[in-house]
Amino acid sequence: MTKILEQFKGDLGVINSINYTGLLTTITEDGMPRVGSSAKTGNSYANGIKFVLDGGNKQANLLAVAYGDSLIQKIVATLSNAPVSSVTNKPFIRVGVTGKLQNNNYEDKEGVMHYKTEMVITDIWEAPVKNETFGYENPVVETNASEEQE
C-alpha cells in the first residue's frame, strides 16, 4: 500500500452507502409496491418503488427495491398511510433512506442490452423538515430557481 494515505478507520459496512431525503412513491398501477419471494432463495422483496431525490427544480429519481420482511412491512405501512397525489393517484411521502446503488443489466430475447441502476433501500426513516438547519450555525437560505441555474 501507499504511505501517503491512511487506512479507512470506519465500519466497512457503510462503504458505498448513500443517504438521501426525498419523496417515496411507486410506479405500480395500484400504488403499492410489488411484494414477493425469490424463487431461488426464498428471500422476501419489494419492488415497484420510486424515490424522488430532494434538490433543485430538476428532480432526479431512482427505482428502488427492498429486501427483508421488517423493512418491507415498514415501507408498505408508510405508503399505506401516505397522502395520495391527485395527479398520479399514487401515494407519496417525504422520507429519508439509506441504501446502496446496484446495476441490473440484462439482455432481452432480441439480444438488446438493457442497463438499469436502482437503489437497494436498507433503512427508511421520517425525514427532517426541508430547510431545517440540522444544528449548523448558518441556516439554509432559500434561493430563486433562476439564480441556481446560473
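Is Pro 33 buried or exposed? Pro 33 is buried, because its relative accessible area is 9%, where buried means under 20%, exposed over 50% and partly exposed in between, with a 1.4 Å probe and protein chains only. The model is predicted: local features need pLDDT of at least 70, side-chain atom pairs count only at pLDDT 80 or more, and totals for chains, interfaces and linings use all residues. Residues are numbered from 1 along each chain as its sequence is written, and side-chain values use heavy atoms, with hydrogens and water left out.

Pro 33 lies in the loop between β1 and β2 (34–37); strands (E, at least two residues) are DSSP runs numbered from the N terminus. Leaving aside residues up to four places away in sequence, Pro 33 touches Thr 26, Ala 46, Asn 47, Ile 49, Ile 75, Val 76 and Leu 79, a contact being heavy atoms within 4.5 Å. Ile 72 is 39 residues from Pro 33 in sequence, and their C-alpha atoms are 9.0 Å apart.

Next, the strand pairing. Strands β3 (residues 44–53) and β4 (residues 61–67) run antiparallel and are joined by six bridges; two strands pair if DSSP finds at least two bridges between them. Phe 51 stands opposite Leu 62 in β4. β4 also pairs with β8 (residues 117–126), in the parallel sense, over four bridges. Val 65 has Val 120 in β8 as its bridge partner.

Phe 8 is in the segment before β1 (17–26). Phe 8 is partly exposed, because its relative accessible area is 49%.
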